[in-house]
Amino acid sequence: MPDQVGPDPRHFNAHAAVYDRGRPPYPQVLWDRLGELRVLGAGTRVVELGAGSGQATGPMLRAGATVTAVEPGPALAALLKQRWPEVIVYLGTAEAVVLPDAAFDLAVVATAIHWFDLPVVLPKLHRTVVPGGHLAVCRTAFGNPAAPLTAFRERVSQIAARRTPVPSGSTPGELDTASWARRLTASGHFVTTHVEEFAWTVELTTAQVKDLFTTFSNWTAAEVEEAACAVEDLGGMVLEHYLTPLILMRRAAGAH
Ligand SMILES: C[S@@+](CC[C@H](N)C(=O)[O-])C[C@H]1O[C@@H](n2cnc3c(N)ncnc32)[C@H](O)[C@@H]1O
């Protein structure tokens with residue numbers, strides 16, 4: 001079983017339409033970097049796990065890749081398939097899905113790796129990625145500790161501070177990129193080749209904050225309302241500083 005406790009991964013599917021319109025895309029520089037590193041481009045065969053409604057799928061298709069998506073949420077998977085009928089979608093978890101051997105050049109996990117049972121998923125990805133192929137893991141941290149503290153982020157911290165802390169087991173924090181890289185390579189199936197963090201900003205209206213925060217699996221409806229009120233108090237628009245770490249790994253030769 002994954003060691004994530006507390007939040008429920010079914011949350012995303014339960015709010016599929018809000019997720020689809022509320023989650024901002026990844027910064028284009030991330031996809032450009034994968035292109036420069038020659039792991040993503042025309043004809044790249046990608047398997048994407050935990051694809052949601054396609055926040056990472058679209059840019060990879062635009063880069064010329066073919067994408068096979070794995071997503072357990074039926075409403076999210078339906079939105080993805082409706083938008084990009086050319087994508088093969090497996091409805092199921094990364095743990096349960098059966099993937100063909102040596103069929104993909106690149107496996108991608110965008111803001112979903114923390115939900116996976118790694119001892120099950122990493123050997124599977126090793127089998128399904130071709131020799132010399134890659135695994136790219138990225139996620140968006142909604143808040144950048146290195147950026148100036150905004151009035152809105154202070155209000156967000158006050159809301160979060162009132163919660164009873166949920167034990168996180170042995171899962172590293174979302175911005176503990178070095179620990180994630182160690183954890184993802186410890187089994188010997190993949191070797192880290194590139195680590196980078198992309199800082200970016202986005203302006204959000206009250207309605208956009210309400211949508212985005214509704215998608216967070218650890219936020220209650222009352223807390224989302226409070227965050228939306230904070231935006232209203234601050235003039236109806238806030239500037240947010242986010243961070244997207246990327247861990248790129250090459251498939252190790254010889255592991256099983
Ligand atoms: C935060 S969302 C990320 C979705 C999308 N990749 C993105 O970048 O916005 C996490 C996704 O992982 C999916 N998920 C959760 N547990 C999973 C599992 N065990 N196997 C595959 N996907 C899973 C959820 O259904 C959800 O779509």
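Helices (DSSP runs of H or I, at least four residues) and strands (runs of E, at least two) are numbered here from the N terminus. The model is a predicted one, so local features need pLDDT of at least 70 and side-chain atom pairs count only at pLDDT 80 or more, while totals for chains, interfaces and linings use all residues. Residue numbers start from 1 along each chain as its sequence is written, and side-chain values rest on heavy atoms, with hydrogens and water left out.

On to the fold. An open sheet is built from seven strands in the order 3-2-1-4-5-7-6, with mixed pairing; two strands pair if DSSP finds at least two bridges between them. Strand 3 (88–91) and strand 6 (190–205) sit at the edges, each pairing on one side only. On average, neighbouring strands of the sheet are turned by 20 degrees against each other, direction ignored. Between strand 5 (residues 129–138) and strand 7 (residues 237–251), the pairing is antiparallel and runs over five bridges. Val137 has Ile247 of strand 7 as its bridge partner.

Helix 5 (residues 74–83) lies across strand 2 (66–71) and strand 3, at about 175 degrees to strand 3. Contact here means heavy atoms within 4.5 Å; axes are lines fitted to C-alpha atoms, for helices over the stretch in contact, and angles run from 0 to 180 degrees between N-to-C directions.

Now the ligand. Around it are 20 residues, of which Tyr19, Tyr26, Gly50, Glu71 and Ala94 come nearest; a residue is near if one of its heavy atoms lies within 4 Å. By class, this shell has twelve nonpolar, five polar and three charged residues, with Tyr and Ala counted as nonpolar, Glu as charged and Gly as polar. A polar side-chain atom of Tyr19 is 2.6 Å from a ligand oxygen atom.

How values were computed. A polar contact is a pair of N or O atoms within 3.5 Å; within protein, one must be able to donate a hydrogen and the other to accept it, and residues adjacent in sequence count only if both atoms are side-chain atoms.
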